[in-house]
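Subject: Structure for you to look at

Dear colleague,

Here is the structure I promised to pass on, and below it you will find my notes on what came out of the analysis.

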Amino acid sequence: MNRANELASATGLGGWTGLIPESAGSSPSRTWRARFKPAALTFLLWTIVGLFQAVPDMLDGFRWNETIGKFIDAWAWALLTPAILLIDRRLTSLFQSVVRIALAHLALSIPISLLHTYLTGLILYPIPTIWWSPLRSTEFAIYFYLGGWGTYCAIVGVLQTFKYYNRLMSSQVELAKVEKRLVESHLNALRLQLEPHFLFNTLNAISSELAENPVLAREMIEDLGALLRQSLDCQGSKEITLAQELALLDHYLAIQKLRFGDRIDIQVEVEPATLADLVPSMFLQPLVENAVRHGLERRMSGGKVVVSAAHVAGHLLIKVIDDGVGLPPHWAIETSAGLGIGVTRERLQALYTEPDSHDFTISRCSGAGTEVTIRIPLQRTGDDAHGSAS
């Protein structure tokens with residue numbers, strides 16, 4: 001059900017305006033109830049209006065003829081409400097301009113106010129104690145007409161307010177959908193930038209081993225194929241569970257271990273409770289690749305990379321620490337030209353838009369090496385995520 005139908009249902013006017021279609025196979029009893037409900041709600045709303053009009057007169061003492069006169073005046077509008085709603089619906093379909101609709105209602109306010117005056121006088125006429133009936137007194141007929149004209153303008157104002165509020169909400173929903181599609185397209189574009197970069201580096205590493213050690217190169221190709229197959233399974237997802245992300249990372253680590261052997265030691269220290277948390281898909285691989293290529297590969301002795309994940313203060317804290325050569329002098333994340341770092345920053349900014357919802361820092365370790373820290377909101381997938389983690 002769209003927003004217009006929800007509004008019509010909430011006010012009980014859907015049956016009058018035709019916003020909520022009745023199903024062809026509806027039983028007579030259901031059809032009768034569907035028509036009675038908006039009529040009853042309309043009568044109730046105007047009864048409340050009549051009560052508000054009558055209360056000030058009751059403060060000076062209850063006089064039944066004045067009180068019933070106020071209620072009858074309101075009930076006359078209840079009888080005219082279906083026609084007013086249908087007229088407004090027709091005008092909306094004929095004119096797109098607000099000015100034209102307002103001018104049309106202004107022109108119609110005269111006959112409708114006269115009709116209300118006559119209808120009220122007709123209902124009041126059988127009650128002789130109500131001597132101010134518009135059919136009994138010309139002076140009071142003018143009073144009833146002016147009051148009715150003001151009420152009609154108020155009815156039209158309320159209707160237009162509801163309609164344009166409905167349009168505003170609909171436009172905001174559509175705008176949110178467009179923004180979501182743009183963010184998803186941006187994230188996909190960023191991910192597409194990473195994949196060729198990763199493939200180029202990996203294939204380059206495989207080609208360097210192909211002549212000297214074809215068996216090793218074949219094993220690296222098998223791990224690369226497994227990694228690409230799993231990455232295709234997650235291609236349509238902005239976020240995946242940490243367990244799935246670590247499974248992707250395992251294939252990349254297998255390639256690096258085959259290539260470097262005992263020169264590098266890669267450890268994964270993850271709290272079990274974090275495995276079901278959602279993280280950006282394929283975001284660990286470029287960070288670990290940077291640690292290996294820029295931190296450890298330049299050292300003959302190799303080194304160690306530690307990937308950790310833990311819950312800290314309602315957030316998921318992920319660290320990638322290496323004991324390699326460290327960052328160059330005067331290096332800053334804001335001016336870094338590295339593709340992996342830049343794309344990771346943009347993906348985090350696109351995914352977590354709330355202020356202070358995420359953090360991405362790269363710093364020098366106290367001894368040697370580099371520490372990458374990522375803090376993101378804690379989001380879980382429930383039982384399905386636990387299943388995948390296991």
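Among contacts between residues at least 6 apart in sequence, what percentage join residues at least 24 apart? The figure for this protein is 71%, where contact means heavy atoms within 4.5 Å.

Please keep in mind that this is a predicted model, in which local features need pLDDT of at least 70 and side-chain atom pairs count only at pLDDT 80 or more, while totals for chains, interfaces and linings use all residues. Residues are numbered from 1 along each chain as its sequence is written, and side-chain values use heavy atoms, with hydrogens and water left out.

The protein has eleven helices and seven strands, taken as DSSP runs numbered from the N terminus (H or I with at least four residues for helices, E with at least two for strands). Of its 390 residues, 39% are buried, that is, under 20% relative accessible area, with exposed meaning over 50% and partly exposed lying in between (1.4 Å probe, protein chains only).

Two helix pairs deserve a description. Two packed helices are described by the angle between their axes and the distance between the axes. The axes of H4 and helix H5 (residues 98–124) come within 9 Å and cross at roughly 150°, the axes being lines fitted to C-alpha atoms, for helices over the stretch in contact, with angles running from 0 to 180 degrees between N-to-C directions. H4 and H5 are therefore roughly antiparallel, a label for angles over 145 degrees, whereas those under 35 count as roughly parallel, 65 to 115 as roughly perpendicular and the rest as oblique.

Gly69 of helix H4 counts as buried at 8% relative accessibility, and, leaving aside neighbours within four places in sequence, Gly69 is in contact with Leu124 and Ile130.

Trp77 also takes part in an aromatic pair with Trp46, which is stacked, at 6.3 Å centre to centre and 20° between the planes; rings of Phe, Tyr and Trp (its six-membered ring) pair if their centres lie within 6.5 Å, and planes under 30 degrees apart count as stacked, over 60 as edge-to-face and the rest as tilted. Trp46 lies in helix H3 (residues 28–58) and Trp77 in helix H4 (residues 64–94), so the pair ties together parts 31 residues apart in sequence. Both Trp46 and Trp77 are buried.
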